[in-house]
Amino acid sequence: MRKNKYLPFAASLSLILLAAGSGLSPFEREASLNTSLNALKSRVIVGGTVIDGSGRRGVRASVRIEGDRITRVGRVKPLPGEEVIDARGMIVAPGFVDIHNHSEEGLDVDTSAVNQVSQGITTLALGADGSSPWPISDYFDRRDRRPSAVNVLLFVGHATLRQKVMGSDLSRVASASEVAEMARLVEQGMREGAVGLSTGLEYDAGRMSTTEEIIELARAAARHRGLYMSHMRDEEEGMLDALNEAIRIGREARIPVQISHIKMGNVNVWGKSKEAVALINSARRSGLDITADCYPYTAWASTITILVPSRRHDDRAEVEKGLRNVGGAANVLITNCKAHLDYEGKNLEEIARERGTSPVDVYQQIVRDGGASVVCSSMSEGDVRTFYRQPWVMVSSDGGIGGRHPRSAGTFPRVLGRFVRERRWLAMEEAVRRMTSAPAARLGLKDRGLIREGMKADLVIFDPKRVIDRSTFKEPHLLSTGIERVFVNGEAVWEDGKATGRFPGLALRRQP
């Protein structure tokens with residue numbers, strides 16, 4: 001039967017007319033109109049090297065996009081009137097999936113997600129480190145009403161539920177009834193579309209929880225085919241014990257495990273990455289589905305109180321030990337401090353020198369006055385390299401919109417420019433796999449992460465000779481270069497060095 005070529009146009013026109021007179025809010029109407037207009041569009045990317053996200057060698061090929069889907073990969077002859085995008089000298093890859101991101105509130109401020117799309121990110125997994133919006137359905141509804149330039153997924157945050165059930169009384173073990181209520185809320189979040197459970201066991205809200213508590217909540221997520229993603233209880237001297245705990249949780253809850261931002265966090269554990277790798281490889285050989293992600297920097301970002309694991313902040317010896325463990329006060333950069341704005345952008349040693357006091361005194365004053373966010377340069381590049389050479393380690397930013405660590409604007413181009421092109425730690429195809437199909441599969445995204453016919457048209461075009469990060473610890477908001485175009489659901493969201501002002505991103509609810 002011959003297809004009527006005018007039917008798609010007529011259907012789209014009907015949708016446009018319906019949206020215009022539907023009584024929807026301005027944001028909803030704009031999203032509906034954009035979706036309808038997008039259905040009319042057809043474009044073809046020609047001349048580029050397609051790295052499809054599978055890890056296979058790149059090939060010269062063209063890619064046709066119709067609406068929000070990839071409809072053809074290979075030899076493609078442009079149709080009359082079809083938009084043609086010349087990608088000669090460029091790589092065409094699936095859009096990057098950031099499996100660990102903190103843009104929950106940032107997307108309300110910057111719907112264009114400039115520092116995200118400018119590095120090729122098309123999908124963000126939010127709700128990491130045990131902290132998530134709640135209820136899950138409310139956040140997804142907000143993203144539906146006010147879409148952004150990127151797709152979003154959500155984890156249920158353990159600490160969020162702990163605070164909801166236990167209030168401020170978190171410095172104790174939860175009762176059996178409290179654990180049962182948290183498990184019920186995990187299931188609620190999963191039914192509302194979350195992809196799994198996240199924990200931040202190093203932080204105050206989660207640190208007193210028992211392994212058994214986490215196993216019960218992970219079992220609740222597992223009943224809905226969820227993922228357990230953990231900022232472990234310790235990333236320093238106790239890292240290997242914490243890793244064994246995560247492995248135990250995965251085994252007993254029968255749930256896949258994702259180790260967040262895997263690292264050896266201070267100078268006392270430099271070089272022990274090989275032991276961590278051996279533990280994970282052993283667990284994988286025994287049948288546990290465990291993977292990890294890693295950001296490409298030797299500095300972590302967190303709250304200042306993390307520096308003293310005992311939380312005895314008034315004990316000078318404990319504070320001195322904490323600063324010594326990260327290589328000294330000069331390695332602790334203050335990024336946010338509401339009580340002392342003049343401290344921001346300076347390290348503890350500089351502040352102490354300016355004030356004629358000691359770094360310990362400065363630390364204790366900051367904690368007494370409400371705390372601060374810090375960036376701490378206490379990791380070894382050798383350990384980062386060890387982790388990045390493991391095929392089960394994905395690329396993640398642990399950053400987000402407005403973040404004051406350079407990873408928020410530079411993670412993915414940094415891997416492509418420095419780890420691939422300059423240092424040759426990874427082949428380009430393998431790096432792209434770690435950014436696309438690997439995290440997409442981990443998150444249950446069956447129609448993203450690969451360049452295949454029928455997949456969603458989340459795509460990035462970048463120059464392999466120019467792509468590089470520019471953000472630094474002093475200027476963390478500098479955007480990367482070499483990312484030429486980014487498409488989300490078939491719509492261009494980044495081109496000619498700027499955001500396009502289009503918002504085709506979707507709230508990606510886990511499907512039951």
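**Lining of the second largest pocket in the predicted model**. By class, this lining comprises 10 nonpolar, three polar and nine charged residues. The lining has 22 residues, and those nearest the pocket centre are L443, G444, L445, R510 and Q511. The space in the second largest pocket is about 570 Å³.

**Centre of the largest pocket**. The largest pocket holds about 1,300 Å³ of space. It is lined by 48 residues, of which H102, Y203, S302, T303 and S373 are closest to the centre. The lining divides into 13 nonpolar, 22 polar and 13 charged residues.

**Elements that line the largest pocket**. Strand β16 (300-303) gives the largest share of the lining, four residues. At least two residues each come from β16, β17 (332-336) and β18 (373-376), and likewise from helices α5 (136-145), α6 (158-166) and α15 (407-422).

**Buried face of helix α10**. S273, A276, V277, I280 and A283 are the buried residues of α10. Seen down the helix axis, these residues fall within an arc of 125 degrees, so they line one face of α10. Their cover includes α9 (239-253), β15 (290-294) and α14 (381-388). K274 and R285, on the other side of α10, are exposed.

**Length and end of helix α10**. Just after α10, G287 has a positive phi of about 110 degrees.

Technical notes. Residues are numbered from 1 along each chain as its sequence is written. This is a predicted model: local features need pLDDT of at least 70, side-chain atom pairs count only at pLDDT 80 or more; totals for chains, interfaces and linings use all residues. Side-chain values use heavy atoms; hydrogens and water are left out. The expected span of a helix is 1.5 Å times one less than its number of residues. Buried means under 20% relative accessible area, exposed over 50%, partly exposed in between (1.4 Å probe, protein chains only). The arc is that of the directions from the helix axis to the C-beta atoms. Contact means heavy atoms within 4.5 Å. On a 1 Å grid over the protein atoms alone, a cavity is a set of points where a 1.4 Å probe fits but cannot get out, and a pocket is an open set with protein on both sides within 12 Å along at least five of seven lines; lining residues have an atom within 4 Å of a point. Grid points are joined across faces, edges and corners, and a volume is the space filled by probe spheres set on the points. Ala, Val, Leu, Ile, Met, Phe, Trp, Tyr, Cys and Pro count as nonpolar, Asp, Glu, Lys and Arg as charged, and the others, Gly among them, as polar.
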